[in-house]
Amino acid sequence: MKIISIELDRCIGCRNCEQACSLYGRGGFHREDSSIRVNIYPGERFISTLTCTQCDAAACLDICPAGALRRSAETNAVVVDENRCVGCKMCLMACPFGNIHFLADKHVIRKCDLCDGDPKCVKFCMPGALHYVEVEDVPQLRRLIVDSKLMRCLVIEP
Amino acid sequence: MSAGEAMAKTVVRNGTVQTLCRQCDMRCGQNIHITEGRISDISGMDAHPQNRGRICHKGRAAADLVYHGERLLKPLKKIPDGTFAEISYDQAMDEIAEKMAGLKTAFESRAVGVWKGEALGFCQQEEYARRFIHAFGSPNYFSNDSECYNGRYIGYALVQGYWNGCPDFENADLIVLWGSNLPFSHPPFQRLIADARAKGAKLVVIDPRLIAVAYKADIFAQILPGTDGALAWGLVRYLIEAGRYDHQFVQKYSLGFEPFARYARTFTPEYVEKETGLDRKTVVDIARMIVQGMPRVIHYVGNGLEHHENGVNNIRTVACLGGLCGAVDIKGGDPWTEGMGGRTLTLYQELPLLDQKPVGADKYPVLYQYRQECHTMTAMDYMLGKGEYPLRGLIITGANPVLTNPNSSKVADAFAALDLLVVRELFLTETAKQAHYILPAASFLERSELHFHSNRHLVTLTTKVLDVPGVQDEYTFWKDLAHRLGFGERYFPWEREEDVNRWLLEPTGISVEELRKHPEGFMYKPVTYKKYENRPFSTATGKFEFTSSYLKGLGYPELPEYIPPRYKSHPSPAYPLILTTGARKYLLYHSRYRNIARFLTAVPAAEVEIHPEDAKKWGIEDADWVKVTSEVGSLEIQAKVMHEREILPGVLQITHGWDKANVNLLTYDAVNDPISGFPLLKAVPVRIERIDPPELSNLG
Amino acid sequence: MNIAVIGSSAAANSALEAFRAIDQKSPVVLISREKHPPYSRVLLPYFLQGKIECDQLFYRPADFFDRLKVKTRLGRSVVKIDLPLKSLSLDNGEQIPFDKLLIASGSSPVKPPIPGIRDEEIGHLWTIEDAVRVDPQLQENKHLTIIGGGNIALMLAWVAFQRKMKVTVIEWLPQVLPQILDRTAAERLEAEIRRTGTRVLTGTAIKKIEKQPQGHYLVFPADQEPLRADRIIIAAGVRPNTGFVDPDRIETDIGILVNDRMETSVSDIYAAGDVAQGPLAFGGPCGVQALWTTAVEHGRIAGANMAGRKMSYPGSLGGSVSEFFHMTVASLGLCRETPDVIGRESIDSKRGFYGKFFWRKDGPVGGWMLGSPEDVSAFGILRARILKTLGRPEGERAVPSRFALGGDFASDLYYNFLAKIPERAVPPK
């Protein structure tokens with residue numbers, strides 16, 4: 001199963017991902033509609049980008065009193081059925097990462113559904129901070145980065 | 001559905017066509033998805049090395065532009081009451097040719113010029129214009145490069161004979177960005193920088209503002225505008241005093257090192273600190289990082305260094321740093337790229353026309369000699385009758401100088417004085433509104449041209465994706481006009497674009513058919529390194545030049561001497577703040593893309609960025625209306641109070657390209673870098689005052 | 001092993017799922033007074049609002065019990081739990097033996113002792129039947145009096161207001177939402193509600209209710225003019241359904257007392273949900289919390305333990321979110337100042353956010369907010385932060401760095417406010 005992996009060290013806060021999520025999911029560029037969020041802290045010169053991790057033990061899935069959330073067999077994402085969601089907001093309270101968002105016009109929630117297996121945010125990430133990769137490969141990605149950095153330390157210039 | 005959309009015909013009814021994007025100059029590979037005869041989506045081409053399947057929103061919005069409800073579809077002529085009337089293409093072209101012939105008779109050919117904008121491109125599109133105007137008998141080719149690119153090109157070419165627009169970031173150990181926000185201005189480059197960092201490379205960002213790329217910098221040096229030369233010299237001094245530079249390279253392949261090293265000594269840590277505002281420890285840290293990263297150190301300069309009174313020299317000094325690092329033409333450094341060896345369309349050999357005195361060539365000989373570029377700011381004087389001879393007619397293609405050239409009031413006056421102003425455009429821009437004739441132009445999706453990624457020795461043939469009847473591609477326009485003026489047979493004999501492409505490719509042995517099989521680009525030549533070991537640099541002496549005898553011959557100092565910006569050397573109490581301009585917005589490109597509705601949600605309006613301390617001092621709150629005044633003019637605009645780390649106290653920033661709040665009302669056209677002629681855009685002394693919000697009607 | 005479960009709402013269903021995730025073999029029988037497949041009380045106001053149809057009240061698929069291989073006795077109630085025999089006596093005389101039992105019988109609404117309240121047309125909003133009955137009663141321009149000022153009362157008032165009724169809310173305590181908000185916040189909320197023309201009477205007892213010959217009622221609040229009510233609905237709290245439980249056998253207080261494994265005082269008997277009086281996150285005596293979240297948590301723990309996996313419940317954080325009169329109200333954790341806990345307001349008037357967060361010296365322990373729906377995501381982050389304060393592993397995992405998370409506001413709130421423990425978290429005394 002694939003998930004969106006975020007290499008925070010590459011993110012420069014262009015917010016193309018937020019715009020893509022909003023555009024393909026809801027139309028237009030509305031940051032508040034995006035299921036991926038880029039938080040920029042100028043004081044700390046730091047950027048934190050986060051989207052739903054489609055947790056194995058999903059707090060949102062557990063709590064929903066409307067049976068509106070389910071696990072997609074195709075993508076393993078936790079997806080919402082807007083017809084069943086009443087907008088009670090219990091899932092917003094349950095997610096420890098604050099990854100569930102509220103659509104005021106429809107009075108339902110919105111969350112990352114991996115765009116049914118073709119996540120748009122990844123396609124619009126020019127620096128390559130977002131990847132859509134097999135879960136098993138994520139540690140390997142990190143491993144490669146660590147290995148390259150280690151290699152660099154060990155090389156001695158003649 | 002807009003009229004344009006209804007008329008447009010895609011090359012296939014359903015399917016995916018691959019081409020290159022030209023929404024900016026990165027030329028990323030695109031997949032154009034076509035459903036039932038219209039473009040339904042645009043995504044990134046996986047196989048193209050420029051972007052590897054990723055795309056930005058500007059690229060995706062190409063279809064929005066092509067189908068835009070306000071797209072120009074018919075030629076327009078200005079009629080006596082000041083409005084535009086639709087006329088036929090033939091009528092438009094006949095009248096334009098007639099008027100050009102008239103100007104030639106009344107004044108001489110050189111009274112007419114052409115002006116090519118960024119929107120078009122820099123390959124054969126540019127060459128069509130250059131060819132045309134010389135064939136007409138005028139040397140007056142103008143372009144956006146009077147204020148972009150050439151400063152860097154000349155700065156580097158004076159030193160090492162070449163400029164590489166995309167050095168080998170991926171393999172570098174240290175990347176130093178000078179006044180350049182690459183993720184916004186050149187998005188694919190950021191991926192290369194990120195790749196390098198993932199392998200342990202370090203990043204230094206030098207800029208007055210906390211730009212996006214600075215969030216990833218190991219050292220962020222928030223420097224005072226226009227003082228980068230002092231920093232560069234300070235680093236030079238450090239490297240030379242420490243003895244940490246490429247001695248062999250300097251000894252064997254350079255000249256002028258002695259006077260260069262002597263001059264460097266004057267850049268003491270105290271002086272550099274005072275001049276740049278950077279703590280001396282920061283400067284030492286950068287120098288140490290350079291030492292550690294050698295030789296795979298890349299120094300990359302952006303517009304941030306060009307748009308100053310001493311831009312070229314500051315850039316030259318940075319280029320010299322590259323030599324000291326030993327990074328010249330190496331992997332992970334600054335490769336000396338080679339061309340494809342195809343034909344050129346320009347006529348500089350056949351019809352040099354130097355005796356016709358190209359506008360600005362006397363004042364800025366280096367600009368003309370290096371780039372055959374006439375000087376747009378000088379042209380304004382010529383248009384207003386204050387030049388050496390009259391400039392009465394102008395054909396502008398893909399440019400919007402009324403918004404993007406400095407001193408906009410003067411630009412508007414100059415254009416208003418022309419007998420003939422022809423504008424080729426997709427939309428009714430501020431410049432188009434002043435035209436006598438407007439011709440609807442083909443977008444990049446309607447043209448098939450050769451494009452180069454010279455850093456990769458790659459040539460790609462773009463695909464014509466759709467056809468909008470009544471709208472001409474670039475070649476067709478120039479050809480049709482040339483034929484009416486009597487030099488079409490000789491200089492524009494090809495029937496169509498594709499025939500031109502073939503002609504351009506012929507000597508290389510690469511065929512159009514071959515290129516069609518490689519939408520991901522075709523490598524025309526392997527990349528090699530350290531070519532200077534076997535052949536001279538393309539400088540006057542063949543050496544890497546710390547000092548330039550060529551410049552000396554023209555009356556300039558031979559060393560890239562540092563001259564402080566005027567706000568430091570001649571501070572004016574009437575203008576106590578420093579305005580920098582042109583900071584990039586990801587979704588906008590100069591004056592383009594504000595007509596895409598969703599983009600305006602993200603970038604709604606022009607604003608002047610101000611430090612919170614300054615805001616407090618001048619009684620300004622976020623979103624207040626203010627008036628910003630320079631020696632040149634004044635502007636009413638809304639204020640944006642930044643985070644205290646995002647901008648320096650005493651510094652303001654306004655992004656250009658907004659017609660309702662045009663910062664070029666404030667910028668200098670007549671304060672220029674003496675070598676490139678580039679205008680002072682990024683260190684303009686100004687003052688600010690809070691005002692009442694203007695009447696809504698004034699906002700148009 | 002024979003498993004019996006009493007109840008079919010949040011705690012019971014959550015327990016079944018947790019149990020079956022471990023043990024697919026043991027036979028399970030579920031007995032519930034409710035005839036319907038599992039439905040959610042949380043959804044009843046949305047049904048009355050017209051947002052969902054009746055069939056969408058069922059929050060698990062129709063074949064839920066079949067899929068989990070659970071046999072059911074729906075529409076039956078338990079009369080007695082036979083101990084030490086370990087058998088259930090149902091109202092139809094059937095005996096159901098068990099090896100392990102889960103009591104998740106929930107709670108029922110109370111009728112305050114007001115003269116005249118025992119009228120068959122004065123009911124509650126608790127079951128599907130209540131909702132179906134109340135629906136046509138909410139008629140435009142009629143007067144509705146709601147007895148009670150808690151979450152359900154205010155949500156009902158909001159729905160009735162949206163359906164263009166004239167609404168009066170009468171709360172006996174000095175403020176609405178006494179469990180959740182402090183006085184200032186409650187007053188702010190009351191002011192917002194009154195702005196709509198809805199009457200809110202707080203600190204007001206009702207002397208009596210008199211049915212009139214024409215069919216409507218007169219309600220007599222203490223020290224006030226009587227008011228006309230075409231309809232009266234009671235939403236004055238609930239009480240655990242322990243009627244069939246022998247307190248001499250199974251220890252009860254207000255509800256059935258359970259330990260951190262949801263075990264009652266009798267081995268092999270568990271309790272969960274509204275009926276249970278279980279551990280609270282901040283320690284102290286066990287408490288009854290008639291909250292959906294707590295019921296789900298109880299059920300998961302009970303189900304796992306019944307299947308043999310020893311899981312400990314670290315205690316409920318409480319936590320509720322509701323929306324009425326254009327305001328979203330959320331609360332979580334400890335929301336009262338004590339010698340150890342100080343409260344600090346967080347106000348963003350541009351956003352319409354009015355909240356208060358409570359700190360111990362080792363971190364945030366709770367908070368409430370009045371604001372807009374999107375701001376509730378900040379409380380998801382707060383939950384993680386509170387868990388971290390409590391030293392719970394889920395808290396550690398969920399808050400890996402001091403930078404957060406979620407959208408700008410939630411993230412800013414976290415970073416600027418919640419991440420930094422105020423200096424005077426332990427006030428001097």
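This report walks through the domains of chain B, one of its sheets, and a pair of helices in chain C. Keep in mind that the model is predicted.

## Domains of chain B

Let's start with the overall layout. Chain B is assigned three stretches of structure: domain 1 (76-144 + 349-441 + 468-506), domain 2 (165-335 + 531-554) and domain 3 (566-699). Between the C-alpha centres of domain 1 of chain B and domain 2 of chain B there are 37 Å.

## A four-stranded sheet

Now look for an open sheet in chain B, where four strands line up in parallel in the order S11-S10-S9-S13. Which strands are at the edges? They are S11 (219-221) and S13 (297-301) of chain B, each with a pairing on one side only. On average, neighbouring strands of the sheet are turned by 10° against each other, direction ignored.

Inside chain B's sheet, S9 (residues 174-178) and S10 (residues 202-206) form a parallel pair with five bridges. Here you can find Leu174(B) opposite Lys202(B) of S10(B).

Helices lie across this sheet too. Helix H13 (residues 280-293) of chain B lies across S9, S10, S11 and S13 of chain B, at about 135° to S11(B). Helix H15 (residues 311-325) of chain B lies across S9 and S13 of chain B, at about 170° to S13(B).

## Two helices in chain C

Packed helices can be described by the angle and the distance between their axes. In chain C, the axes of H1 (residues 10-22) and H7 (residues 292-306) come within 7 Å and cross at roughly 35°. The crossing of H1(C) and H7(C) is right-handed.

Who meets whom? Residues of H1(C), including Leu16(C) and Phe19(C), meet residues of H7(C), among them Trp292(C) and Met306(C). The contact of H1(C) with H7(C) comprises 14 nonpolar, five polar and two charged residues.

Conventions
Residues numbered from 1 in each chain as written. Chains lettered and ligands numbered in written order. Predicted model: local features only at pLDDT ≥ 70, side-chain atom pairs only at ≥ 80, totals over all residues. Domains from an automatic or database assignment. Pairing = 2+ DSSP bridges. Axes fitted to C-alpha atoms, helices over the stretch in contact; angles between N-to-C directions. Contact = placed C-beta atoms within 7 Å. Left-handed = near helix turned anticlockwise from the far one by under 90°. Nonpolar A, V, L, I, M, F, W, Y, C, P; charged D, E, K, R; others polar.
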